[in-house]
Amino acid sequence: MMSKSSGMNRRAFLGSAAALGAAGLALPSRAQQIDPYTGQVLQGTAVPGQAPDIGTYTVDPNADARRNQSSFHTRHWNDYYSDLGKGVILADITSRAIYYWSGDGSTQLVFPCSIPISEELTKRGKTEIVRKAEKPTWTPTPSMREKDPNLPQQVAGGAPENPLGMYALYLSWPAYLIHGTHDTRKIGRKSSSGCYGLYNEHITRLYAVAEVGTQVTVF
């Protein structure tokens, strides 16, 4: 287990990784990672110009996930759901992170994300993934257009100016998504109109495993 003197918990790492990624800076080549199930320090390699690789875990689905007494205790899927179903995503606004568990419990992914710019735009509670889209088209909402009349009516999927990036997971709440972004400066910041943005490298990984019907809680 990691000692108290290390001064590095998972939240601290997520915050520092998101800040460095948002600033376009490279992480240290041997950046620390903490396995939320064991508390062990993992090692990862960061490549300049790429999203920090801060959380892919393959775990024993029968392991006692609560044996680690770190802050991950309050972010485990079974604090919100009685079973995994097709999978679980937790969007942690405070940590500015997305947590994913596969339906069989064998895989956990943890990614830094952008969050809504204000409490007014933040929707909390339980929802689910109802649709997936590759190269999603972006249509600004009426409220967005009211704030900025110069916004285009629509932006084609895959266009550099499309804020949804390469992939999107649509929630049951209209106009709320988990998606990629070409503007990596937004990651780890209050920068969205209600959605949760990931590095394109990260949304690619999440999109590949998250099924329609995945349970989602935003808190």
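**Reading strands, rings and a pocket**

Mentor: Start with a pair of strands. In this predicted model, strand S5 (residues 97-102) runs antiparallel to S6, and 5 bridges join them.

Trainee: Which residue of S6 does Tyr100 stand opposite?

Mentor: Tyr100 faces Leu109 in S6.

Trainee: How many residues lie between S5 and S6 in their hairpin?

Mentor: There are 4 residues between S5 and S6. Gly105 sits in that turn, with a positive phi of about 75°.

Trainee: How do I read the directions of side chains along a strand?

Mentor: In a regular strand, side chains alternate between the two faces of the sheet. Now look at S5. Ala97, Tyr99 and Trp101 point one way, while Ile98, Tyr100 and Ser102 point the other way.

Trainee: Are the residues of S5 buried or exposed?

Mentor: Buried: 6 of the 6 residues in S5. Strand S6 (residues 107-112) has 5 of its 6 residues buried, so the rest of the structure largely encloses it.

Trainee: Where is Lys135 found?

Mentor: Lys135 is in the loop between strand S8 (125-134) and H2. Its phi is also positive, near 50°. Lys135 has a relative accessible area of 45%, so it is partly exposed.

Trainee: How do I describe two aromatic rings?

Mentor: Give the distance of the centres and the angle of the planes. This structure holds 4 aromatic pairs. In one of them, the ring centres of Tyr167 and Tyr207 are 4.4 Å apart and the planes lie at 35°, so the pair is tilted. Tyr167 is in strand S9 (residues 167-171) and Tyr207 in helix H3 (residues 200-209), so to speak distant parts of the chain, 40 residues apart.

Trainee: Are these two tyrosines buried or exposed?

Mentor: Tyr167 counts as buried because its relative accessibility is 17%. Tyr207 is buried as well, with a relative accessible area of 17%.

Trainee: Which lysine lies over the face of Tyr207?

Mentor: Lys132 does, at 4.5 Å from the ring centre. Look also at Trp173: the charged end of Lys123 sits over its ring, 5.3 Å from the centre.

Trainee: Last topic: pockets. How much space lies in the largest pocket?

Mentor: About 740 Å³. Next, ask what lines it. The largest pocket has 28 lining residues, and Trp138, Met144, Ser192, Ser193 and Cys195 lie nearest its centre.

Trainee: Which elements supply at least two residues each of that lining?

Mentor: Helix H2 (142-147), strand S10 (177-181) and strand S11 (190-192) each do. By class, the lining of the largest pocket has 13 nonpolar, 12 polar and 3 charged residues.

Technical notes: Residues are numbered from 1 along each chain as its sequence is written. This is a predicted model: local features need pLDDT of at least 70, side-chain atom pairs count only at pLDDT 80 or more; totals for chains, interfaces and linings use all residues. Side-chain values use heavy atoms; hydrogens and water are left out. Buried means under 20% relative accessible area, exposed over 50%, partly exposed in between (1.4 Å probe, protein chains only). Two strands pair if DSSP finds at least two bridges between them. On a 1 Å grid over the protein atoms alone, a cavity is a set of points where a 1.4 Å probe fits but cannot get out, and a pocket is an open set with protein on both sides within 12 Å along at least five of seven lines; lining residues have an atom within 4 Å of a point. Grid points are joined across faces, edges and corners, and a volume is the space filled by probe spheres set on the points. Ala, Val, Leu, Ile, Met, Phe, Trp, Tyr, Cys and Pro count as nonpolar, Asp, Glu, Lys and Arg as charged, and the others, Gly among them, as polar. Rings of Phe, Tyr and Trp (its six-membered ring) pair if their centres lie within 6.5 Å; planes under 30 degrees apart count as stacked, over 60 as edge-to-face and the rest as tilted. A charge sits over a ring if NZ of Lys or CZ of Arg is within 6 Å of the ring centre and within 35 degrees of the ring normal.
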